[in-house]
Amino acid sequence: MCSVAQEPLVKFTGITPSGLNASAQGEIRVFYDRIHAFQENVFRTPLTTILHMVMLSLWGEVDADITFSFRSLWQMDEATQVEMQKTRADIDARNIRSGIVTPHEARTRTAQDLHSPYDGISPTPHRPDQDTGSRSAALKTVSPAS
């Protein structure tokens, strides 16, 4: 039945493989890749046509900048995500020490990484001494009484 449905056993029945260090990860990855290829081959052209028709109806022209992409079904588990973030941080540290990138460039890349827990942080770090409401800033602006 699984071969007719073209689904891995673990997805079709919920039964995980067992014995001899078996894993369904490879089968699941191939299954997700097959679905992605199916989306591209079967749905891309009709969806693009519909999108262009909607744009023509709304604005009278097709905007080539408006596109779409299919979301990936493959997702890393939490341990793999943490390991990847650690590897990226180690690479950034080595590149900064080597002078390949500046800390600002590494911070900007991290701020733009959608999979990073630091997604959306400011590209420039906020330091307390730059805050106009901080005590040190207030002391600098106060002149002594004569």
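Which residue forms a salt bridge with Arg 88, and how far apart are the closest N and O atoms?

1. Basis of the note. The model is predicted, so that local features need pLDDT of at least 70 and side-chain atom pairs count only at pLDDT 80 or more, while totals for chains, interfaces and linings use all residues. Residues are numbered from 1 along each chain as its sequence is written, and side-chain values use heavy atoms, with hydrogens and water left out.

2. The pair Arg 88 and Asp 113. Arg 88 forms a salt bridge with Asp 113, and the closest N and O atoms are 2.7 Å apart. Arg 88 belongs to helix α4 and Asp 113 to the loop between α5 (103-112) and α6 (135-141), so the pair ties together parts that are 25 residues apart in sequence. A salt bridge here is a side-chain nitrogen of Lys or Arg within 4 Å of a carboxyl oxygen of Asp or Glu. Helices (H or I, at least four residues) and strands (E, at least two) are DSSP runs, numbered from the N terminus.

3. Accessibility of this pair. Arg 88 counts as partly exposed at 30% relative accessibility, whereas Asp 113 counts as buried at 13%. Buried means under 20% relative accessible area, exposed over 50%, and partly exposed in between, with a 1.4 Å probe and protein chains only.

4. Salt bridges within helices. The search of the whole structure finds five salt bridges. One of them joins Lys 86 to Asp 90, with the closest N and O atoms 3.1 Å apart. Both residues lie in helix α4 (residues 78-98), four residues apart, about one turn of the helix. Lys 86 is partly exposed, at a relative accessible area of 46%, and Asp 90 is also partly exposed, at 34%. In helix α3 (residues 25-59), Glu 40 and Arg 44 are likewise four residues apart, about one turn of the helix. Glu 40 and Arg 44 form a salt bridge whose closest N and O atoms are 2.9 Å apart. Glu 40 is partly exposed at 28%, as is Arg 44 at 23%.

5. Packing of α4 against α5. The axes of α4 and α5 come within 9 Å and cross at roughly 160°. That makes α4 roughly antiparallel to α5. Axes are lines fitted to C-alpha atoms, for helices over the stretch in contact, and angles run from 0 to 180 degrees between N-to-C directions. Angles under 35 degrees count as roughly parallel, over 145 as roughly antiparallel, 65 to 115 as roughly perpendicular and the rest as oblique.

6. Residues at this contact. Arg 88, Asp 92 and Ile 96 of α4 meet Pro 103, Ala 106, Arg 109 and Thr 110 of α5, where contact means heavy atoms within 4.5 Å. In α5, the buried residues are Ala 106, Thr 108, Thr 110 and Ala 111, and α4 is included in what covers the buried residues of α5.

7. Leu 51 and its surroundings. Leu 51 lies in helix α3 and is partly exposed, with a relative accessible area of 25%. Leaving aside residues up to four places away in sequence, Leu 51 touches Ile 66, Thr 67 and Phe 68. Leu 51 and Thr 67 are 16 residues apart in sequence and 8.4 Å apart in space, C-alpha to C-alpha.
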